[in-house]
Amino acid sequence: IRAARLDPNSATAWGSLADVAMRQNTLSLALQHIAKARQLEPTSVAWRLIECRALARSGEPGKGVELLVTLDDSLRFQRPVLQQITECYGLMSKPDDAAAICGKASDSSPTDPALAMQAAEWFEKAKQHDSAMVYASRAAELGVAGAIELMMRVQGER
């Protein structure tokens, strides 16, 4: 609070206050603070992530995901951003959308085992069994524990 009072143009101070408010579960205050941080640094991915989390916890995951899906692929496919996007889609009961973005992320980094497994899991949730098999197979080839079990489970659901 002192830092924000000493320098009201410090996005870091406002972003930090928003993060503290999130931990204290005072979501309206968190949204006020993060709005100030985003006004000062509108391109910051960190502030977008905090705002998205606050919106999702406030029951507005659709507004939250809109903040992140417009980012370039290089930013959107970073683990924390992708995780937040898929969580929002999950809250909105949109596993197809979560699967699609995870599939794109995995295709952009085909040697990343975690992305392949994440895509396979979301395609399974979306009941897109053929796609789930493709990504589970990729994950298995990359040595992911549980990928073969996922493949067997999907095979049984066909």
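A search of the whole structure finds one aromatic pair. Phe 123 and Tyr 135 form this pair, and the rings are stacked. The model is predicted, so to speak of local features takes a pLDDT of at least 70, side-chain atom pairs count only at pLDDT 80 or more, and totals for chains, interfaces and linings use all residues.

- The ring centres of Phe 123 and Tyr 135 lie 5.3 Å apart, with 5 degrees between the planes.
- Rings of Phe, Tyr and Trp (its six-membered ring) pair if their centres lie within 6.5 Å; planes under 30 degrees apart count as stacked, over 60 as edge-to-face and the rest as tilted.
- The pair links distant parts of the chain, twelve residues apart.
- Phe 123 sits in helix H9 (residues 113-125), and Tyr 135 sits in helix H10 (residues 129-141).
- Helices (H or I, at least four residues) and strands (E, at least two) are DSSP runs, numbered from the N terminus.
- Buried means under 20% relative accessible area, exposed over 50%, and partly exposed in between (1.4 Å probe, protein chains only).

**A charge over a ring**

- Lys 125 lies over the face of Trp 122, at 4.2 Å from the ring centre.
- A charge sits over a ring if NZ of Lys or CZ of Arg is within 6 Å of the ring centre and within 35 degrees of the ring normal.

**The whole protein**

- The protein has eleven helices and zero strands.
- From the N terminus on, its elements run α-α-α-α-α-α-α-α-α-α-α.
- The C-alpha trace spans about 60 × 30 × 25 Å along its principal axes.
- Of the 158 residues in the protein, 45% are buried.
- Take the contacts between residues at least 6 apart in sequence: 47% of them join residues at least 24 apart. Contact means heavy atoms within 4.5 Å.
- The accessible surface comes to about 8,500 Å², and 52% of it belongs to carbon and sulfur atoms. Accessible areas come from the Shrake-Rupley method with a 1.4 Å probe; for residues, only the protein chains shown count as cover.
- The protein holds 18 positive and 19 negative charges, and their mean positions are 7 Å apart. Lys and Arg count as positive and Asp and Glu as negative, while His and the chain ends are not counted. Each charge is placed at NZ of Lys, CZ of Arg, CG of Asp or CD of Glu.

**Helix H3**

- Ser 28 lies in helix H3 (residues 27-40). Ser 28 counts as exposed, at 53% relative accessibility.
- Ser 28 and Lys 63 are 35 residues apart in sequence; their C-alpha atoms are 15 Å apart in space.
- His 33 also lies in helix H3. His 33 is buried, with a relative accessible area of 13%.
- Which residues does His 33 touch, not counting residues up to four places away in sequence? They are Trp 14, Leu 17 and Ala 18.

**Helix H7**

- Val 81 lies in helix H7, and the residue is buried at 1% relative accessible area.
- Not counting residues up to four places away in sequence, Val 81 touches Val 45, Leu 49, Leu 68, Leu 71, Leu 75 and Arg 76.
- Val 81 and Leu 71 are ten residues apart in sequence and 9.5 Å apart in space, C-alpha to C-alpha.

**Loops and positive phi**

- Most residues other than glycine have a negative phi.
- Ser 93 has a positive phi, near 55 degrees. Ser 93 is found in the loop between helix H7 (79-91) and helix H8 (95-108). At 61% relative accessibility, Ser 93 counts as exposed.
- Lys 127 has a positive phi, near 60 degrees. Lys 127 is found in the loop between H9 and H10, and is exposed, with a relative accessible area of 64%.
- Gln 128 lies in the loop between H9 and H10. Gln 128 counts as partly exposed, at 29% relative accessibility.
- Leaving aside neighbours within four places in sequence, Gln 128 is in contact with Asp 96 and Phe 123.
- Gln 128 and Asp 73 are 55 residues apart along the chain, and their C-alpha atoms are separated by 23 Å.

Note on methods
Residues numbered from 1 in each chain as written. Heavy atoms only, no water.
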